[in-house]
Structures are given as structure tokens and as C-alpha cells.
Amino acid sequence: MYLDTIIVGAGFSGLYQLHKCRDQLGLKTLVIEEGKDVGGTWYWNKYPGSRCDTESHIYCYTFSKEIYKNWKWKERYPKQKEILNYLKYVEKKLKLRKDIIFNNRVISATYLENKKLWSLKTNKNRLFYCRYLISAVGSLSVANIPNINGIKSFKGDWYHSGRWPNKKISFKNKKVAQIGTGSTGIQIAPVLAKSVKSLTIFQRTPNYSIPARNRKLTKSFVENTKKNYLKIKNLLTKTPGGHAFHFAKKSIFEFNETKRLKILDKAWLNGGLSFRACFSDITKKLSANKIVSNYIRDKIINIVKDKEIAKKLTDFGHPFTSKRPTLNTNYFETFNRKNVRLIDLKTNPIIKITKNGIRTRKEELKFDKIIFATGYDALSGPILSLNLIGRKKIKLKKYWKNGPKTFLGIMIPNFPNFFIISGPGSPSVLTNVPAQIQQHVEWISNFIKYLEKVKSISVEPSFKETESWVKKINKLAKQSLFMKAKNSWYKGDNIPGKPKKFIPYPAGLPQYRKICNKVQKRMYKGFKISLK
Ligand code: NA7
């Protein structure tokens, strides 16, 4: 089957990109999706308690006033099901389904130099050809399932949060093990603890977490967001993370202790990701960060009754926000329940999984079910899973052997006409992702429009620009607090053998947008465009 454009993935990015390519650029376009339906991340992440940490009125598309105004969010943070329904609504409204094929995973993509086409193969043995190939595979779609000895011998069921089965699973009265305490584990535990017989949480690194303070949205709030559609849309282009909050202008050191505490208490009570923005320097300066890190630690210690457990939950070893900031609803309170237990993997590591459960250094534990909330091979993993082979038979795996290399996070030398939405080298996971996705889809679509106009047969970035983009990211990361975390998926530490390089662009969405716009204005300087 021959197409102008193939997009891999039918989540937030794939759906919008399909609309752009098909309805605005007039290209014959197809989306190939592994799942049975649209949704991407939100199709797979159906685990108990799954919810977005970004507020619903901004975790959505803003490109269409009509779509924005017609959809009514119910809660401050949308549940997985609600986001999935939203994406299905968008898909229906834009009539996208007829150009999506489901249940097909792209297993290889090879550039045919002589034909100037990409050839794609799926796990169902289907073959496709296209001129433009666009990855919309998401940043967190390749599950990290730790290679723990004995997993095959386990008699019970096990699940990964990001590959949750499509059927209803009952945990009622079961003995459940949960491995991992990132954003996902922190969401799962309080929900599961209510129905299971026992929940044993295996923690490798304790996590800072801010109260989410979720609530039903009032009618007047919802009406206000619709009335202020343009203002909100505009605001998301101005804030560093594409969120609806600005960072405070003043440093924590401009206040005395009493006033500091008052500001922190107010931000804590408000909850959410904006907590980190209540002073200008929490995410930038270690001395400021320390004060806030200690504030959070004290809050947790106050919640958790058992002081030994509280200590384990707050033995952070990294500054707040140097790893993914998490939100919680009663996570720390969960450890006050009689049926919940914390195992600190630092002092009591897992030796193996057995027929009946998990053996740690200190004990043998029986479980009916194991949940891996162990995260993802983030950012580069999903792109590498496409098994790309570019010009001169160059394998992407080889070119990225020492870490992902892209220009602007969008294109790769020797991989012509291959575009990435929200991939390595772009702000991606450091932002409100739909905001970044829209910026990428719009930029890529403008680029393709230009390429069509000038009758380009292939385009790719220069090596020089690519290398200097990678260097720029490394330099920016070195100046940030992100590098102070020993173990973080932002820099590949969670996957054995993965190169330890900071992956996303860390200087914020407005700065990034400025650079992209400048490249566009300069007739795509940095890209080599071959004409017919
Ligand atoms: P994360 O943030 O990568 O968290 C994974 C958790 O699993 C984290 O606590 C890890 O500890 C732990 N982990 C990973 N591998 C192991 C092994 N082998 N043994 C024990 N514990 C392990 O993934 P999430 O799904 O929580 O969140 C990812 C994003 O998805 C989130 O930000 C949302 O945007 C949605 P570590 O900290 O690495 O020591």
C-alpha cells in the first residue's frame, strides 16, 4: 500500500498529525496503531487509579476552539477513562478512524534510497510504503519490565502498569505486591489498598510527592475556562512547561522564615504541579531547593505514624524535581493502614520471584498478584522499537549507540523524511505534553507544506547541527538540578545498558519554540533539502 504519509501511533500526537496531514495538507495519510483503539498512552495505562497529573482544562488540544468549548471535563485531574473518551470524541469529530489501522505494530522501517520511500512492515506481515514517516509513538510506551530471576515460575498473575490488560481484574482480598514508587505506583497504592487483603510496596527510591487536591470542577470554573479559551491557549505558549501557571518572580531568600512557610503552606494546600513554582529558584538553585525538599520531608513525616516507615519514605538522596515530580491522593496516609507494608529495597533487595511470591534477602513472601509500576524505556525506547534503517543501511540503534541524537528533537541525519513528535531532544516529558505535541505537529506540518511547495524529494538535518544540538542539551542539563539525581529515567539510568545521557531539551517550551520558529524563518537552516 502506497501513501504520502504514515504516522505511527494514534494517541494525542498521531490523531492531530493525521488531521493536519490529511485535512489541511491534502496528503494521503494513514495511521498505524498497535492498540485496538485510539488513545496511545491512555489506551494502555488502565491501571487502578490511573489519572493525569496535569490539570484537565489544559491537558487537551487547544488548536480547535470548537473542540475545546464542546468538551466538559469533570475533575481537576482527568481519569484515564475520561481522557480516552475525550480522544475518542476528537477522533469522531474529525472523522479520523477511517484512516487508522489498529492491531498492527510496526516492526521495521527501512528507507529505500533509490525510490526515496520508507517501507514499513507490521507484526501482521502487512507492508506499506510512504514518502513521509512520522513517529507519534509517545515518550513512555515501551514498558520497563525488570529482568528479575524466576518471573516465569510465578503461579499468580503479573501486570505492568503501562500494558494493563483490557479485562477487569479483581484484586479483592488478594495478596498483592507492587514494585515501583514513581508517579504510577503512587497513584496505584492508595486505590488498591482499600480492597486487597494485603499490599506490599517495594521501594527502590523514595519519591517526593505533593498532594494533588483533586476535586470535581464547578460549573463556573468550566464555564470560565471556555470563556477564556484564547487566554489559556496563549498562556500555554508562555510558561516553561506549557502549564497554566507562571513561576513566582521572587527567590525564596527574599523572605524571612515565617513568610516562606506561609507561602509554602499556601502552595501545599493548593496542591498540584504548581507547588514547585511558588518561588523562582526551587527548581534552579540547590540552596533554595534544600529548604523546600526539607519542607516536603517534614510534611510526610507528619502524616506517617510509624517513624521507621516515615524515615524510609523520606530518605530521598536527591533534590526535589531532579526526578519526575509526582502528585498523590493519600499515598503517604496509605502506610498507616494495617494491610500495607513497605519493603525498602536498599536494605532488603529482591533475590528472585518464586512460584508463590517474592524472595527478598531477608524473607520469603507469598503473593497472588504482582504489579510492576516500574516505568519505561523512556523517549528513545519507542523510536528504537521501530527498528529504523536509514540511508546507506545505517541502523538507528547504531547511530544512537551512545545516546539519542536528533536536531531539534525532530529529525535525524541519514533518516530522510522521518519526523519525530515529542521525542528525544525536545522538551517532551518536561512539559504538559499535549502543549508540546501541538507545537511539534504544527511545526512539522508547516515544514512538510514547505517541502511539498519546493518539490523536495528528501530532507534531513546536517550532522553538524545535530551534534551541536546534542551538545547544547548536555550543557543545559549540566547547569540544571536534573543531573543531581543519581537514578533518573530522564537520563536513562533506569534501563540496564542504556547510555547515561540526559534526553529531553531542558530549557523550557517558550525557548524551544523560539529556536524552532527561527529555524523555520531562516528557510529551515540546518536541514539539507534535496529537490527533484
Ligand atoms: P517511573 O517514574 O520510572 O517510576 C518507576 C518506579 O519503579 C520507580 O520507583 C523506580 O525506582 C522503580 N523501579 C524501576 N525499576 C525497578 C527495579 N528493577 N526494581 C525495583 N524498582 C524499580 O515510572 P512511572 O510509571 O511511575 O511514571 C512514568 C510516567 O508515566 C509518569 O511521570 C507519568 O507521566 C506517567 P527508581 O526511582 O528508578 O529507583
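Let's start at Tyr 524. Tyr 524 sits in the loop between α16 and β20, the strand at 527-531. This is a predicted model, so take every value here as computed. Phi of Tyr 524 is near 60°. That is a positive value, in a residue other than glycine. Is Tyr 524 buried or exposed? Tyr 524 counts as buried, because its relative accessibility is 3% and the limit for buried is under 20%.

There is another residue of this kind to look at. Lys 455 is not a glycine, yet its phi is positive, about 60°. Find Lys 455 in the loop between α14 and β19, where β19 covers 456-461.

The largest nonpolar core holds 73 residues. Which residues have the most contacts inside it? They are Tyr 86, Leu 408, Phe 419, Trp 443 and Phe 527. Several elements give two or more residues to this core, including α1 (12-24), α4 (80-93), α15 (463-479) and α16 (509-521). Strand β6 and helix α14 are also among them. Which element gives the largest share? That is α14, with 9 residues.

Next, salt bridges. The count comes to 24. Take Arg 131 and Glu 452. Their side chains meet in a salt bridge, 2.8 Å from N to O. This pair links distant parts of the chain. Arg 131 is in strand β6, residues 127-135. Glu 452 is in helix α14, residues 433-453. Glu 452 itself is partly exposed, with a relative accessible area of 30%.

Two more pairs, quickly. Asp 298 forms a salt bridge with Arg 297. Their closest N and O atoms are 3.2 Å apart. Asp 298 counts as partly exposed, at 40% relative accessibility. Arg 297 is partly exposed too, at 29%.

Then Glu 364, which forms a salt bridge with Arg 359. Here the closest N and O atoms are 3.0 Å apart. Glu 364 is partly exposed, with a relative accessible area of 47%. Arg 359 also counts as partly exposed, at 34%.

Asp 37, Lys 88, Glu 91 and Arg 97 are linked in a network of them.

Last topic: the second largest pocket. Its volume is about 400 Å³. It is lined by 21 residues. Which of them are closest to its centre? Gln 187, Pro 190, Val 191, Thr 329 and Asn 330. The lining divides into 7 nonpolar, 8 polar and 6 charged residues. Three elements each supply at least two lining residues: α5 (183-193), β11 (326-328) and α11 (331-334). Of the lining, the largest share comes from α5, with 4 residues.

Technical notes
Residues are numbered from 1 along each chain as its sequence is written. This is a predicted model: local features need pLDDT of at least 70, side-chain atom pairs count only at pLDDT 80 or more; totals for chains, interfaces and linings use all residues. Side-chain values use heavy atoms; hydrogens and water are left out. On a 1 Å grid over the protein atoms alone, a cavity is a set of points where a 1.4 Å probe fits but cannot get out, and a pocket is an open set with protein on both sides within 12 Å along at least five of seven lines; lining residues have an atom within 4 Å of a point. Grid points are joined across faces, edges and corners, and a volume is the space filled by probe spheres set on the points. Ala, Val, Leu, Ile, Met, Phe, Trp, Tyr, Cys and Pro count as nonpolar, Asp, Glu, Lys and Arg as charged, and the others, Gly among them, as polar. A salt bridge is a side-chain nitrogen of Lys or Arg within 4 Å of a carboxyl oxygen of Asp or Glu. Buried means under 20% relative accessible area, exposed over 50%, partly exposed in between (1.4 Å probe, protein chains only). A nonpolar core is a set of buried Ala, Val, Leu, Ile, Met, Phe, Trp, Tyr and Cys residues joined through side-chain atoms within 4.5 Å.
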